[in-house]
Amino acid sequence: MKFPYFTPFSAAMLSVSLLTSSAIAQDAPAPKVAIAAAYTDELIDEVIFIGKGEAVDKVDLVARVSGFVEKIHGQDGDVVTAGDLLFEIEPEVYQATVDARKADLAQAEANLRLTEVELVRKSELFERDVGTEADRDVAVANNEVAKAQVEIAKAAIAQAQLDLDYTKIHAPFDGRVGRSNVSVGELVGPTSASLINIVRTAPIYVEFSLTEKQLVEVMEHHEAELQELADKDKAPKVYVILPNGDELEEVGQVVFVDNRINPATGTITLRAEFENARGLLLDGAFLNVRIASASPSQVLMIPQAAVQRDQRGDFVLVVGQQQTVEQRYVTLGRQVEAAVVVEDGMREGEGVIVEGLQRVRPGVTVDAVLAGQSTEEQ
């Protein structure tokens with residue numbers, strides 16, 4: 001059996017191979033990368049808070065009188081206007097009470113007329129010295145009592161009529177009703193659960209809280225005192241980011257600032273009002289609230305594509321004057337489209353690698369070109 005023939009690989013040959021590889025590495029061109037310069041731009045400062053939708057008006061409707069539900073008008077979730085009839089409670093008992101009180105009034109008025117006639121007669125007899133003063137005084141008193149009974153009867157009618165009116169339950173304001181809690185034929189009353197709730201959908205409030213530090217920053221940015229934050233001329237504009245990430249087109253305005261810091265949370269409550277024309281803001285919904293400063297400030301920015309991250313934090317690869325790569329840890333602020341604010345760690349004009357990051361490491365020399373030009377090695 002024949003074995004293949006192998007040429008021995010000597011130490012001299014290995015030495016020549018290593019020297020050749022080293023020479024090739026030294027002669028290899030520097031990797032090409034694309035860089036972008038850190039630049040200064042005007043940016044309106046903003047702060048993001050967690051807010052909550054809060055209806056301007058919301059109420060649980062309850063029955064003011066006892067009785068069986070006779071009719072339910074509309075459907076659950078309907079949009080209603082102020083005055084719309086929602087529920088009817090059987091009115092017969094209350095109508096009968098109104099009729100009885102009216103009869104009481106008629107009786108009181110008849111008695112009043114009788115006492116007036118009696119008073120006239122007693123007064124004439126007294127003036128002719130035929131009757132006594134005591135009889136005249138009794139007639140006066142009876143007449144006053146009769147007048148009081150008439151007023152009592154009128155008040156009883158008003159009360160009975162009020163109870164009768166309460167058998168019809170109307171929407172107190174424009175809004176949207178929830179789910180009905182009762183059915184036709186169910187007995188309800190002042191002590192029973194609510195019939196339904198109604199919420200005003202537009203306009204709507206968005207409430208959010210600021211820490212003491214944030215409050216001072218907002219006041220300084222807008223050059224306003226605490227009470228002036230709710231003033232139309234100095235109130236900061238408020239923007240809402242919806243749960244799906246979109247920003248609401250409407251701009252809100254602060255209409256209320258609490259008068260003290262909550263000692264339990266160390267925050268103060270603010271309330272902004274939005275028209276909510278499209279009904280995208282709901283009562284009870286949690287939202288991101290953004291407040292922008294009144295005037296822009298100068299900030300340092302770099303492309304987001306240049307930023308990398310490791311266990312120590314965010315860093316970028318900076319190309320120095322000798323075309324050498326340097327790893328630089330930076331403190332970043334908020335992102336604005338494809339750029340990000342650099343709060344600390346860089347100076348204006350320094351170049352950061354945005355393309356070709358995978359080809360380089362700190363300490364190597366590179367062939368840097370401006371971003372947008374080809375970075376392919378020739």
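Helices (H or I, at least four residues) and strands (E, at least two) here are DSSP runs, numbered from the N terminus. Keep that in mind for every element I name.

Now the ground rules. This is a predicted model, so local features need pLDDT of at least 70 and side-chain atom pairs count only at pLDDT 80 or more, while totals for chains, interfaces and linings use all residues. Residues are numbered from 1 along each chain as its sequence is written, and side-chain values use heavy atoms, with hydrogens and water left out.

Backbone first. Glu337 lies in the loop between strand 21 (331–336) and strand 22 (339–344). Its phi is positive, about 55 degrees, although Glu337 is not a glycine. Is Glu337 buried or exposed? By the cut-offs, buried is under 20% relative accessible area, exposed is over 50%, and partly exposed is in between (1.4 Å probe, protein chains only). Glu337 has 75% relative accessibility, so it counts as exposed.

Asn276 also needs a look. Asn276 is not a glycine, yet has a positive phi of about 55 degrees. This residue is in the loop between strand 15 (267–274) and strand 16 (286–292). Asn276 is buried, at a relative accessible area of 3%.

Pro203 is in the loop between strand 11 (196–199) and strand 12 (204–211).

On to the rings. Rings of Phe, Tyr and Trp (its six-membered ring) pair if their centres lie within 6.5 Å; planes under 30 degrees apart count as stacked, over 60 as edge-to-face, the rest as tilted. How many aromatic pairs does a search of the whole structure find? Two. Phe49 and Phe208 form a stacked pair, 5.6 Å centre to centre, with 25 degrees between the planes. Phe49 lies in strand 3 (residues 46–55) and Phe208 in strand 12, so the pair ties together parts 159 residues apart in sequence. Phe49 is buried at 4% relative accessible area. Phe208 is buried too, at 2%.

Last, a sheet. Two strands pair if DSSP finds at least two bridges between them. Four strands form an open sheet, order 8-7-5-10, with antiparallel pairing. Strand 8 (168–170) and strand 10 (187–188) are at the edges with a single partner strand each, so one side of each has no neighbour in the sheet. Strand 5 (residues 67–72) and strand 7 (residues 85–89) run antiparallel, joined by three bridges. Val69 has Ile89 in strand 7 as its bridge partner.
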